[in-house]
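This report describes the architecture of one protein chain and the surroundings of its ligand. Please consider the sequence and the structure shown here before reading on.

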Amino acid sequence: MSAPASAQRRIGVLLVNLGTPDSPQTPDVRRYLNEFLTDGRVVDMPAAIRYPLFRGLVVPLRAPKSAKIYQELWTERGSPLLFHGLDLQKKVQEQLGPNYVVAFGMRYQNPSIEKALAELRDAAVERIIVLPLFPQYAAASTGSVQQKVMELVSKWWVVPSISFISTFTDNPGFIGTIVTLGKAEMAKRDYDHIVFSYHGIPERHVLKGSHNGYCKLGNCCASYNKNNRYCYRAQCFETSRLVAAGLGLSPEQYTVAFQSRLQSRLRDPWLQPYTDEVLKEMPAKGLKNVLAFSPAFVADCLETTIEVGSEFKELFEEAGGNHWQLVPSLNSHPQWVDAVVGMVKEN
Ligand SMILES: C=CC1=C(C)c2cc3[nH]c(cc4nc(cc5[nH]c(cc1n2)c(C)c5CCC(=O)O)C(CCC(=O)O)=C4C)c(C)c3C=C
Ligand SMILES: [Fe+2]
Ligand SMILES: [Fe+2]
């Protein structure tokens, strides 16, 4: 006879995404951006410069503009990044069953990681598996979640056993779901070219994380190996290569590019090529029908729906393109739910 569920050892699973404002109104967007952009892992300036510069100047100027974009993105269910995260949590919990407790938190704003961890502690879980929902490790995303979780649990009297899934750039279930979604779009029409557009990071961040100086922003990232396992650029290339293989694409049929750079007067270079520049040149080369993937994000958000799905489409059409199509995000697709369950069970 098996022990009752309540007597069995339970494992906590913490799914974390980046964050989103509580509402698309300027004060909430300002609060969100203040927390996000003063994180020393996102803007790696000395705190004495970062706080006054971002709280006093950058965020007050940016918040009203960002609020307008969030209003465009907002749905009846609120922010897509949030409700898709909650849907994923529910479906993963259903599949994992009563021996697991699945919580969901955001690195910035709500529901906070602190609240999600407290749910797991209250459920008396024996250990916690943390899955930051960023496929490719970056110090500014996954690293920041890890730091926050460690800061919070280090204050508990009984510190739990914790493990982190730090990257799933090449996870077969993750790759397979993107391939499924891509094939569905490719069945609807013919495309001249494929773009894999990833969230950019400053080149400096890649160099700071370079293992023994291995990564130098050159051909070092062309293969994915033990020396560049956590190099964001190498991981973006690896995800693209695997998805391209699943779709049967040759290297000439796709381009990897980077979006969402935070324009600054310091003009520090971000990972290149920049997606907006690449796509503007495509129509003149005869690439008039383009399918775009956003494999740095697992759920719809500002950077997918608005930036890739609508702003890039407009730029592409202005440059003479016919058809620009964004492949939908994984959200809580059943194949993706299976992939998350698989990663948890393997851990
Ligand atoms: C995929 C992982 C992410 C990395 C790496 C990342 C780095 C990074 N981001 C900024 C600045 C901004 N990012 C913004 C939005 C945003 N970023 C990610 C993910 C990563 N960021 C997501 C999922 C989102 C969308 C959130 C949503 O609610 O939809 C924004 C806000 C956009 C705006 O206000 O216009 C900024 C700003 C930096 C500087 C950085 C690395 C150094
Ligand atoms: Fe970002
Ligand atoms: Fe590299």
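Strand β3 (residues 127-132) pairs with β4 in the parallel sense over 4 bridges; two strands count as paired if DSSP finds at least two bridges between them. Within this pairing, I129 has S163 of β4 as its bridge partner. Helices (H or I, at least four residues) and strands (E, at least two) are DSSP runs, numbered from the N terminus. The model is predicted: local features need pLDDT of at least 70, side-chain atom pairs count only at pLDDT 80 or more, and totals for chains, interfaces and linings use all residues. Residues are numbered from 1 along each chain as its sequence is written, while chains are lettered from A and ligands numbered from 1 in the order in which they are written.

β3 and β4 belong to an open sheet of 4 strands, ordered β2-β1-β3-β4, with parallel pairing. Its edges are β2 (100-109) and β4 (161-164), each of which pairs on one side only. From one strand to the next, the twist averages 25°; angles run from 0 to 180 degrees between N-to-C directions, and axes are lines fitted to C-alpha atoms, for helices over the stretch in contact.

Another open sheet has 4 strands in the order β6-β5-β7-β8, and its pairing is parallel. The edge strands here are β6 (254-259) and β8 (323-326), each pairing on one side only. Neighbouring strands are turned against each other by 25° on average, direction ignored.

Strand β5 (residues 193-199) and strand β7 (residues 289-293) are joined in the parallel sense over 4 bridges, and I194 has L291 in β7 as its bridge partner. Helix α10 lies across β5, β6, β7 and β8 and runs at about 170° to β8.

## Two domains and their contact

Domain bounds come from an automatic or database domain assignment. For this chain it gives domain 1 (5-168 + 334-346) and domain 2 (172-326). The domain centres, taken over C-alpha atoms, are 23 Å apart. Their contact takes 23 residues from domain 1 and 22 residues from domain 2, where two residues are in contact if their C-beta atoms, placed from the backbone, lie within 7 Å.

On the side of domain 1 that touches domain 2, α2 (47-73), α3 (80-96) and α11 (334-346) each supply at least two residues. The largest share, 5 residues, comes from α11. This side of domain 1 divides into 14 nonpolar, 7 polar and 2 charged residues. In this classification Ala, Val, Leu, Ile, Met, Phe, Trp, Tyr, Cys and Pro are nonpolar, Asp, Glu, Lys and Arg are charged, and the others, Gly among them, are polar.

## Helix packing

How are α6 and α11 oriented to each other? Helix α6 (residues 172-186) packs against α11 at an angle of about 175°, with the axes 8 Å apart. The two helices are therefore roughly antiparallel; angles under 35 degrees count as roughly parallel, over 145 as roughly antiparallel, 65 to 115 as roughly perpendicular and the rest as oblique. In α6, G173, F174, G176, T177 and T180 meet Q335, W336, D338, A339 and G342 of α11. By class, this contact has 3 nonpolar, 6 polar and 1 charged residues.

The axes of α2 and α10 come within 10 Å and cross at roughly 95°, which makes α2 roughly perpendicular to α10. I69, Y70, E72 and L73 of α2 make the contact with L302, T305 and I306 of α10. The residues of this contact divide into 5 nonpolar, 1 polar and 1 charged.

## The shell around ligand 1

Which residues come nearest to ligand 1? Of the 22 residues around ligand 1, these are T20, S66, A138, C301 and L302; a residue is near a molecule or strand if its C-beta atom, placed from the backbone, lies within 6 Å of it. The shell draws at least three residues from each of domain 1 and domain 2. β1 (11-20), α2 and α10 (302-318) each supply at least two residues of the shell. By class, the shell has 15 nonpolar, 6 polar and 1 charged residues.

## Backbone exceptions

Most residues other than glycine have a negative phi, and most peptide bonds are trans. A cis peptide bond joins N110 and P111, with omega about -5°; P111 is found in the loop between β2 and α4 (113-122). The peptide bond from Q272 to P273 is also cis, with omega near 5°, and P273 has its place in the loop between β6 and α9 (275-281). Q109, a residue of strand β2, has a positive phi near 65°.
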